[in-house]
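Welcome! Please take a look at the sequence and the structure shown here, and then read on for a short tour.

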Amino acid sequence: MRTRQPWHGSRGQALLVAVLLMSVILLVGILFAAIVSYNQEQSARHVDQVAAELQAEAGIQYASSMLENSPQGADWRPRTVAFDPATYDANDPSTWPSPPAMYVDGTADPNFFGPDGLPETEDDYYSDFEIIRGWFPLRAGTAAAPGHFIRMGFHRFPDPNQLSPDGTSRDEPTIGRGYFLLQVTYDPDPPYEPGDPTTQDRLSGCTRIVSIGRAVEESNVFRRVVAYKPLGLTDHLFWVTDESGTAGEASIGARPGVDFDASGAVESNEALTTSLAGPIRAANRLVWVGQDLDPSGTASPSLHLDLRATPVTGEGYLRDDAILAGRGLYGLDGPSAADGAEVSLDGGAPVTLPVTLDPDDQSHESDRVYVGNRVSSLEAPELGTKDPTSGVSRYHALTRDSGEIVLADVDDPEHGIAAGDAVNTGLYGHGAGLYIDNFSDIQFRGPNGDSDLKTLMDDWMRRLGSGRVGGESAWNATYTTYSPPGVEIEFFPSEEAVLRTCSTQSYSTTPPTDPGVLWWPNHSASGNEPGIKITRHDRRWRRGDAGHVGADSGQNVMVISYPRYPHQVIYAEGNVRVKGVLPPAERDAGNNLIRDYNITIVSGGTIYIDGQLLTPQDVAGRNADGSSAGVRDEDNTHVALLARDCVCLNPTQLVPQLTEGLVTAAADDEANPSLMDQHWELYPDSGGVAYTRWQSGWPNMDGTGSPGTPVAPGVAVSLVAIQAGDDPGPSGMGMNVYNSVADTVTPFTFPGTAGVVDPYTFMFVPPGARVLTSAGQIPTPTAFASNAIAPNWQIPGSTPYYTFADPVVPFDLTPYVTKNIGESNVVSLFHRDPQTGSGSTPYLLKKWKIEESETDATTGYQIPRGAVHARVNAIMYAERGCWFVIPGEYFDPNATTADYDGDGTIDPLDSLYAARFRRYNYEITIRGCITQDHTAPLDMVQDWTRKWAYPIYSGSGNGLTLTWGTLRYEFDERVRIARDQSLTTLAGAVRSSGTLTVSPLSNLPKLPCLPSSPTLIYSGGTP
């Protein structure tokens, strides 16, 4: 019989199984709870990530919108205030540091740890995680004695230190879910500053936006996004935007073959080359104009495109040049243009451009000529952008609305303001920025109120039939000077230079009664401060001072001091005419910037450049790296010209032909009068004067560029006049010369007048007449007389084939004028009695010009060269129009060339007379950036290229050679440095600074309040 085992052993196993099962269930429960918890945490983190991404994107879009739409435009930055213990007031939010900084000793600015001053609480400006990441500003020194910034920080939006709507307490620091940290910087490289990588950042010429999205302070979740906002206006030598969509195609270059000397054929030395040194961009089809100058031999293109992709030795600035033609690049003349254009990169061997480069062509990418989808889009900036909150446009806010709101003292019916009405003094031109309400200064206004640009260009080209359509043409009677309606703006580098333009050389802060005194409101005569002279022709200025608000000042001329940041803007509703010499920036003994004079001019019409716009470096010379005399690049001043219509260079104002008093225009041929063939008549005892004012640009007449040195031997400055006496004569003329450096008016002594009754009179007497001298009577002509009686004009000079010893014309002004760059010379011509005993007839004057010439050592002939050396330094924007150069007329269209020596060829001596007198021969250089909606028609470009050409002679005697130059265009990379740039040193092509400048202007572009392109370039981010 089998014995039974005890039953309690099975019970132990069951218990074990039960425990194991319970453990498994427990573990499964724990795992489930962990999974649920993990999923909840991941879900919460995902929510934080999404919130952070949204906040980061919100920061980018907010900054982009402010850069486009705010009054400051490209100057917009989050409010930045460096803590200053001397001015800090806990009850004055304007003194609160923004953003608050920490110091190297661990102390911090007020509000860094919030109102309670305790770290690790919810009101802190930065969380512990953000402090660890280094997103806060760091300064040397201590909170009690702040030092320089070592690192700039991020601004927090919304600001936990902002006031509540009632202004009595701080607002709730947590508004909605999350916030973003924002940093907006402009720091073009080079120059390389401490902490910068010494490699070129090709996007550093853009405004850089860094946005860090945060969900909550306690979280370590963030999203960092980087984007760039291009300026556009400072990035190209030529940029054609085609914003209107009507441009069709853009063109660059000009046809090379020009019969410069009017010989009837194009000689081998009359092949004009065009060189464009700088980046070019066209939104539309880009056409180049050029020819092979040696089709039978080695390729010799007439169009040269010089590009740089690295900093240039001796310059050291960012260069990333390219030719960008999104819709293709084409030679105008198709296959016949082969070898007509070439591109060179960094001074390397040039590569000939193909005649056709379609948008899908990949053949020239290595040469930095890009077409098709390799050209990123770049939108044109808008001048009339309005602030979405106020509905006020940027430039109205900075000028018209920048004054004080006061009560008008008198009725102002022009603006619909009655005495006692509230008015902003900026409306009258007395704001922080200058506003000019010259609405009537718009030419050829169409039904929509805008200028008819086609008619305007036809007027510039003298194609309006009678030339007096609607009385709106701005040509004078002799078609030598174009004086359009518009407010005149002239820059002066000092108070002294301003005051030299008035007879008393004095000013008054209230409207003067003496016409020889300038009105300069709010000016203080301390430190010879420079000024801007503003002349209106549409109406008189109104006053803005207390007790006289809205009153008529009685003045058409007002002088203003340069506007200060952030209102360095002049805005005119109509046309602007601008010229002058800009002053250099001012620094203290510690090289800290005191004042910069960069300025932006905006016009609701067309901006005309009347002559020259000279920078301080044009006048005093350039000091590229602090190693020489002159103006440093960091202290050079620039101007931006932003026009709704066109930007137009008006060379007829280089040496304008002006009249004053009783001066009558009459036809050259009374029997067959023509508006295109007229002259001025200056009558005896009428007081009428013909005059001109001009200044020399760079380089000086001796080529050194250094002011104050004598004119080089052999260089002559002369007045060339086409003139006569009225039939039957006699007549006479006199001439006075004003030299602004000497500040003297000197009567011109005509050569050969020793013993003559009046040495200050040039005589016109009939042929065969005899003139009385101390030696008796002598037949004319003599050095002081001519038998040029109407309509036989005085031949304006002598050449190998127009030989006569007397009279001495042109008139040599060399001893009378100043050659200093930017200083004024004035020549006035008037009738004088020749005192021949038989009365006097009118003095007739057709045209005149300023000539520079050198004496050929072999032949003794006067050899012409480019004169005046005009320079225009600016960035220019024609929003709906184009860049244009008024061609003007030939000086003497009858000055032609023939084979005078009969050797069967036209050599340089045969061409000398036409080379000297056919054109005005002014040398003109445009340096800066040009942006336009479309390019001018090619025939117009060809006309101004031909008219403003000048001869370039070299060699001597029979070895003379002759070539031709014309307008030059140069890209200026110096317009892209920061406004308050650290002083730099230059070693080859590397420009660097040993210090980091932190000031309100060190983070801004050189030119103030520019419009930003709407384009936004994303560069990446950190999850």
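M102 has L138, in strand 2, as its bridge partner. This is a predicted model, in which local features need pLDDT of at least 70, side-chain atom pairs count only at pLDDT 80 or more, and totals for chains, interfaces and linings use all residues. Residues are numbered from 1 along each chain as its sequence is written, and side-chain values use heavy atoms, with hydrogens and water left out.

Strand 1 and strand 2 (residues 138-141) run parallel and are joined by two bridges. Strands here are DSSP runs of E with at least two residues, and helices are runs of H or I with at least four, numbered from the N terminus. Two strands pair if DSSP finds at least two bridges between them. The open sheet has three strands in the order 1-2-3, with mixed pairing. Strand 1 (102-103) and strand 3 (146-151) are at the edges with a single partner strand each, so one side of each has no neighbour in the sheet.

## The largest nonpolar core

Now to the core, a set of buried Ala, Val, Leu, Ile, Met, Phe, Trp, Tyr and Cys residues joined through side-chain atoms within 4.5 Å; buried means under 20% relative accessible area, exposed over 50%, and partly exposed in between (1.4 Å probe, protein chains only). The largest one holds 163 residues, and F491, W883 and Y969 have the most contacts inside it. Strand 53 (residues 867-878) gives this core its largest share, nine residues.

## A residue in helix 1

V17 lies in helix 1 (residues 8-69). V17 counts as partly exposed because its relative accessibility is 46%.
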